[in-house]
Amino acid sequence: MYPTDVRYTKTHEWARLEDGMVTIGITSYASEELSDIVYVELPDVGDTTEEAGAFATLESVKAVSEVYSPVAGTIGAANLRLQDEPGLINEEPYGEGWIAKVEPVDGASLEGLMDAAEYEKHVEAERGA
Amino acid sequence: MELLLTPLHEEHLALGAKMIPFDGFDMPVQYTSIIEEHLAVRERVGLFDVSHMGEIELHGKDAVRFTDYLVPNAIAGMSDGAIKYTQLCYPHGGQVDDIFVYKVDNEYVLLVVNASPAYSVKDFDWIDSHKDGFEVEVLNRSIDYGQVALQGPVSPALLEPLFRGPVAAPDLGRFKFVNGTLFGRDVLVSRTGYTGEDGFEIYSDTRDVVTIWHGLLEAGSDQGILPIGLGARDTLRFEVCYWLYGNDIDENTNPLETGQGWTVKFEKEDFIGKAALLEARNKGLTRRLTGLHVPTGGIARTGMEVTKDGRTVGRVTSGNYCPSLKKVYAMAMIDLPYADVQDGLAVSIRGRDVPAEVADMPFIAPFNKR
């Protein structure tokens with residue numbers, strides 16, 4: 001149900017390590033909850049972020065939501081397409097709707113994050129609450 | 001305090017609606033997507049549960065005269081079956097609520113009011129406490145009425161074969177109402193709405209609302225009808241700059257500073273708030289509800305400060321992303337003369353001064369003005 005090629009945070013971000021950079025977006029569960037994303041506040045390349053620090057803000061019609069980085073590091077890229085097409089996050093949360101890429105500090109890893117099966121359980125627990 | 005439920009509560013849950021508390025009721029904010037629901041109403045037709053609205057009946061010889069005392073708008077000359085938009089004002093000119101007056105006949109006036117919360121007790125208490133000296137009975141019938149709104153360009157054609165009454169649905173004039181039947185149930189139908197599109201508001205006994213809801217959704221299914229939640233109800237009314245009590249108008253705003261001055265008939269003998277409103281008119285406005293366009297930088301929302309060169313000159317009363325315009329607009333109460341400046345205004349969004357430009361209201365024209 002959730003892609004198996006990425007890891008997941010409790011705050012509903014997904015993360016993929018490739019070529020030394022961590023690509024981050026929000027999961028389909030989060031994008032469905034938010035629905036209708038109409039504005040994205042992206043970080044600047046070169047900004048630093050902490051582990052579990054907020055580095056981007058998403059606005060839907062009715063809500064504002066922060067995006068948290070699973071690793072500490074420096075912003076290496078931001079998805080500028082989202083400035084004109086914020087709805088990409090709703091349409092392709094794991095693909096074209098990626099939000100930013102972080103160059104992680106030495107020693108940072110995605111090991112502590114959940115895999116797809118664990119994330120699915122996490123979502124079910126949140127839904128049931 | 002527990003949330004109240006409208007008669008359609010189970011239907012909303014069955015449709016998978018996201019529910020939120022609103023005015024003391026558990027109400028659907030969206031079924032699918034606010035943007036999709038908004039566009040469905042602008043382009044086709046949508047159905048709203050508005051059973052949380054309140055209905056207060058005035059019966060007796062002085063029903064019309066009493067209403068004229070309660071509101072700034074002119075009621076005495078209304079024909080039977082006509083509707084007017086107006087307010088209940090406090091003696092100091094601020095607003096208890098904005099309301100619709102449905103004149104049934106010379107001895108029966110129906111007031112349609114906001115939920116307020118919880119069966120419109122606030123409005124009922126206000127009205128009831130002023131009836132001394134008038135031969136009138138005041139009845140809070142909010143619990144007994146159910147209400148749905150059918151809105152969108154397809155509504156007249158959709159309702160025509162279904163509604164049985166003295167006039168065909170498409171021929172019912174704007175701001176007029178009639179009684180008839182719909183799916184065999186007694187209804188009162190008015191050519192009114194809160195969306196800026198053509199449409200109808202349909203009042204029935206609370207026990208008949210579920211039948212009417214299902215009947216309309218089924219009849220409209222091949223026209224692409226959607227159930228519409230409060231999220232889209234807000235973006236729809238906002239694009240045409242209809243006021244929302246509690247946001248754009250409240251007990252501290254008089255109808256002159258909000259653009260509602262056309263409802264105030266100073267030539268009337270007397271009404272609650274007349275003296276204060278006359279004084280405000282003679283002194284001149286100190287602030288004015290103003291439209292703003294925010295080209296980029298986020299969504300301006302209720303409560304955000306409006307600044308000019310770093311100093312606070314006003315406050316956003318309502319702000320939204322507008323799905324039909326694909327832009328962010330706001331309505332803001334701004335101190336004069338800043339409401340008239342050409343540039344330099346900003347909205348404070350999460351600590352940033354985001355540039356804003358004054359924009360004409362309404363942001364899009366209602367259907368009858370296009």
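Let's start with a term: two strands count as paired if DSSP finds at least two bridges between them. Helices (H or I, at least four residues) and strands (E, at least two) are themselves DSSP runs, numbered from the N terminus. With that in hand, Leu17(A) has Val22(A) in β3(A) as its bridge partner.

A word on the model before going on. It is predicted, so to speak of a local feature takes a pLDDT of at least 70, side-chain atom pairs count only at pLDDT 80 or more, and totals for chains, interfaces and linings use all residues. Residues are numbered from 1 along each chain as its sequence is written, while chains are lettered from A and ligands numbered from 1 in the order in which they are written.

Back to chain A. Strand β1 (residues 7-8) of chain A pairs with strand β2 (residues 13-18) of chain A, antiparallel, over two bridges. Here Arg7(A) has Ala15(A) in β2(A) as its bridge partner. Four residues sit between the strands of this hairpin, and His12(A) takes a positive phi near 70 degrees.

Next, β2(A) runs antiparallel to strand β3 (residues 21-26) of chain A, with six bridges joining them. This hairpin has two residues between its strands, and Asp19(A) in the turn shows a positive phi of about 50 degrees. As background, strands of a sheet pair through backbone hydrogen bonds, either parallel or antiparallel.

What about the overall shape of chain A? Along its principal axes the C-alpha trace spans about 40 × 35 × 20 Å. The radius of gyration is taken over C-alpha atoms, and the globule rule is 2.2 Å times the number of residues to the power 0.38. For 129 residues a compact globule would come out near 14 Å, and chain A agrees because its value is 14 Å. A residue is buried if 20 or more other C-beta atoms lie within 10 Å of its own, exposed if 12 or fewer, and partly exposed in between, with C-beta atoms placed from the backbone. Buried residues make up 40% of the 129 in chain A. Two residues are in contact if their C-beta atoms, placed from the backbone, lie within 7 Å. Among contacts in chain A between residues at least 6 apart in sequence, 63% join residues at least 24 apart.

Now to where the chains meet. The contact takes ten residues from chain B and eight residues from chain A. On the chain B side, β2 (25-30), α2 (34-43) and α7 (230-239) each supply at least two residues. That side divides into five nonpolar, five polar and no charged residues. For these classes, Ala, Val, Leu, Ile, Met, Phe, Trp, Tyr, Cys and Pro count as nonpolar, Asp, Glu, Lys and Arg as charged, and the others, Gly among them, as polar.

Chain B also holds an open sheet of seven strands, in the order β20-β19-β16-β17-β18-β15-β21, with antiparallel pairing. Its edge strands are β20 (352-355) and β21, each pairing on one side only. Inside the sheet, strand β15 (residues 287-294) of chain B pairs with β18(B) over eight bridges in the antiparallel sense. Arg287(B) stands opposite Asp335(B) in β18(B).

Leaving aside neighbours within four places in sequence, Val347(B) is in contact with several residues, including Leu292(B), Ala300(B) and Ala330(B).

Most residues other than glycine have a negative phi, and most peptide bonds are trans. Phe175(B), not a glycine, has a positive phi of about 60 degrees, and Phe175(B) counts as partly exposed because it has 16 C-beta neighbours inside 10 Å. Phe183(B) has a positive phi too, near 50 degrees, and lies in the loop between β11 and β12 (185-190) of chain B. A cis peptide bond joins Leu336(B) and Pro337(B), with omega about 5 degrees. Another cis bond joins Met361(B) and Pro362(B), with omega about 0 degrees.
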